[in-house]
Amino acid sequence: MHEMSLVRSLIRQVDLIAAENGGGSVREVSVEIGPLSGVESELVQSAFDQVIAESHESPMTLTIRETPLVVHCLQCEDDCEIDNFIFRCLRCGSGHVRVIRGDEFRIASITLDERVTHA
Amino acid sequence: MPERTIVINRDIQSERRAAAEHRRQEFTRQKTFVVNLVSSPGAGKTTLLEATCRYWKDRWKIAVLVGDLATQRDADRLRPFVPVQQLTTGGACHLELSLVEKGLAKLPQEHFDFLFIENVGNLVCPASHDLAEHLRVVLLSTTEGDDKPGKYPKMFRTSEVMVITKMDLLPHVPFDVDRATVDSHLIRDSMEVITVCSLHDEGIHNWCQMLERRREQLFSEVDVPCST
């Protein structure tokens, strides 16, 4: 289970982004997880809750959106969504395909509580 | 309290991937061909490396980094042949580039033609970690069953070569080499499949030839003239 190590990295990056953006506290983190990301959404969620509880004073919500696995066919140039890990073009049947979506574990956005600053 | 949403759209591994890519280019410049060996525990990674060392003898300069949760056992097995460093992860289920760097620093500081990184035995987590290798090889032993590629798609999708090991046990186990091959090709169309019995040095010629061919292919694409 390597979700914990990746979630620690996620939170480090989120904290850094927050600091670069004025240092408000992070209310919500939205991530996208694909079927070929190598992580399990439920394990990411529990690892996230655990790390935040241990290291942050204010709570942070994690929203996970699961993305589809999409391949691009290098034979017929078509893109198609596959759902069974059979890496074949659904149109022409070629196995000469490249994954264009679905291997990501990506920070989509973060929502900050805006600190009211006076100029 | 007012809130503000910032769009990021960045993979959390993007920095690690960039670091691995940078390291890979360095290995390429040094003409060290780096192979990441992944498999379940006990599939025969160390035994394959022992057979590789026996086959090549002094033909190539080889170094090995071996990852395990604990003990020096694998390093002890390979030490009679080549410079080797054991990387003990202390419980982590996979190797990361930072651990590889630590191991490299402890190896003799000389040129190696091949660097083998024997990953922690695990068909899941090591798939997500780029160790700056040029080639990822997944081992599948006949005792594990021929249904593994479809069950561990990420590991087989990210590997370019599948080595079926323990071929001497084939008469005793319900393993169909064709079925495993077809299954791996559904995951990765271009998967190169090699069968070996490392204990009896069978198939090692093909395995070593594949490595030499891929090393030559890679370095002939690099502009620098070959020094050896």
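What follows is a set of questions and answers about a predicted model.

Trainee: In what order do the elements of chain A run from the N terminus on?

Mentor: Chain A holds two helices and six strands. Read from the N terminus, their order is α-β-α-β-β-β-β-β.

Trainee: What does the radius of gyration say about how spread out chain A is?

Mentor: The C-alpha trace of chain A spans about 60 × 35 × 15 Å along its principal axes. For 119 residues the globule rule gives 14 Å. The radius of gyration is well over that, so chain A is more spread out than a compact globule, with a value of 18 Å.

Trainee: What share of the residues of chain A counts as buried?

Mentor: A residue is called buried when its relative accessible area is under 20%. Among the 119 residues of chain A, the share that counts as buried is 46%.

Trainee: What part of the accessible surface of chain A belongs to carbon and sulfur atoms?

Mentor: The accessible surface of chain A is about 6,100 Å² in total. The part of this surface that belongs to carbon and sulfur atoms is 48%.

Trainee: How far apart are the mean positions of the positive and negative charges of chain A?

Mentor: Chain A has 10 positive and 20 negative charges.

Trainee: Where in chain A is A:C89, and which residues does A:C89 contact?

Mentor: A:C89 belongs to the loop between β4 (79-82) and β5 (97-101) of chain A. A:C89 has a relative accessible area of 3%, so it is buried. Beyond its neighbours within four places in sequence, the contacts of A:C89 are A:C73, A:C76, A:C80, A:S94 and A:V97.

Trainee: Which residues is A:H2 in contact with?

Mentor: UniProt lists A:H2 under "binding site" in an unreviewed entry. A:H2 lies in the segment before α1 (3-20) of chain A, and at 1% relative accessible area A:H2 is buried. Apart from neighbours within four places in sequence, A:H2 is in contact with A:G38, A:V39, B:C93, B:H94, B:C125, B:S128 and B:H129.

Trainee: Is B:K57 buried or exposed?

Mentor: B:K57 is in the loop between α2 (45-56) and β3 (62-68) of chain B. B:K57 is not a glycine, but has a positive phi of about 50°. A residue counts as exposed when its relative accessible area is over 50%. B:K57 has 63% relative accessibility, so the word for B:K57 is exposed.

Trainee: Is B:A132 buried or exposed?

Mentor: B:A132 lies in the loop between β5 (114-118) and β6 (135-141) of chain B. Phi of B:A132 is near 70°, a positive value in a residue other than glycine. The relative accessibility of B:A132 is 0%, so B:A132 counts as buried.

Technical notes. Residues are numbered from 1 along each chain as its sequence is written. Chains are lettered from A and ligands numbered from 1 in the order in which they are written. This is a predicted model: local features need pLDDT of at least 70, side-chain atom pairs count only at pLDDT 80 or more; totals for chains, interfaces and linings use all residues. Side-chain values use heavy atoms; hydrogens and water are left out. Helices (H or I, at least four residues) and strands (E, at least two) are DSSP runs, numbered from the N terminus. The radius of gyration is taken over C-alpha atoms; the globule rule is 2.2 Å times the number of residues to the power 0.38. Buried means under 20% relative accessible area, exposed over 50%, partly exposed in between (1.4 Å probe, protein chains only). Accessible areas come from the Shrake-Rupley method with a 1.4 Å probe; for residues, only the protein chains shown count as cover. Lys and Arg count as positive and Asp and Glu as negative; His and the chain ends are not counted. The place of a charge is taken as NZ of Lys, CZ of Arg, CG of Asp or CD of Glu. Contact means heavy atoms within 4.5 Å. UniProt positions are given in the numbering used here, feature names are shortened, and annotations may be inferred rather than shown by experiment.
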